[in-house]
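Open the model in your viewer and keep the selection tool at hand. We will go from one residue out to the whole chain.

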Amino acid sequence: YKPSKVFESIMTSGVKFVDWFAPLAFMIIIAGVTSYVQLKTPALRMQIVQQREMAVERAEKEGKITAEEGNQQEEMAEKNVGTGATSAVVLRIFAVSVVLFLAFFVMSFVWYFVGKLGLNGPVDYPKGIAVAGLSSWITGVGFIVAIFISVLTSRLDGGLHLGMLMAMRPDSLTYLILSKLNLFMIWSLVVVSIGLGVFSGKKGFRAAIWVFGISILWQAI
């Protein structure tokens, strides 16, 4: 399909509820399924526990928590997450859903800001929501592909990104940079750029510069 045609259609008919709610619901449901699979797959579940233990160890070294508090947190993680307890699954799915829901509207505001002020176009907040909505379809599909790769490779970071070319090392700057070069993320940013270009009347690279620039800055932070 051609994203530009979809956005032009939205410009003509106006932003409808289904334009953003359907992709948002799709993305959240797929993310929930992804969380469920991660916690029900032993190899992936243990990697979640290991990452939690590493985070606790860093907190102890930085003096944010005591060794006793760290031991308690590790024991709790092993008891709940490590065993794939129903409570841990429900909590993780809920947390992921809330984060994605809030992030969706925050990013809608960011894209509205870019279209309105960065591109000086007639872009209102509903159009920002429409842009975030269409890109969410791509994010959802990315989750589906990622979980299949995770299960097949027994890697929690499974996905179509360059970080898969090396061992998963969250403490490695090289790995972190390569893992951000994700095909679906780039695809979604291209769609966002097209949408803002259509809505603002500033088609071309100007919208892409703003969109990719903000994304690179955020990933760097």
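**Start at F7**

This is a predicted model. Select F7 first. Leave aside its neighbours within four places in sequence, and F7 is in contact with A130, V131, L134, V191, I194, G195, V198 and F199. Show those side chains together.

**Next, the core around it**

How many residues does the largest nonpolar core have? It has 28. F7, W111, V131, L196 and F199 have the most contacts inside this core.

α1 (3–13), α2 (17–40), α5 (86–118), α6 (125–153), α8 (183–200) and α9 (205–220) each supply at least two of its residues. Which helix gives the largest share? Pick α8: seven core residues come from there.

**Then a second core**

Select L39, L44, I48 and I147. They are among the six residues of a second, separate core.

**Zoom out**

Switch to the cartoon view. Count the helices: there are nine, with zero strands. The C-alpha trace spans about 60 × 30 × 30 Å along its principal axes.

Look at contacts between residues at least 6 apart in sequence: 64% of them join residues at least 24 apart.

Of the 221 residues, 39% are buried. Last, color by charge. The 19 positive and 14 negative charges have mean positions 15 Å apart.

Notes
Residues numbered from 1 in each chain as written. Predicted model: local features only at pLDDT ≥ 70, side-chain atom pairs only at ≥ 80, totals over all residues. Heavy atoms only, no water. Helix = DSSP H or I, 4+ residues; strand = E, 2+ residues; numbered from the N terminus. Buried < 20%, exposed > 50% of the residue type's maximum accessible area, 1.4 Å probe, protein only. Contact = heavy atoms within 4.5 Å. Lys, Arg positive; Asp, Glu negative; His and termini not counted. Charge placed at Lys NZ, Arg CZ, Asp CG, Glu CD. Core = buried A, V, L, I, M, F, W, Y, C linked by side-chain atoms within 4.5 Å.
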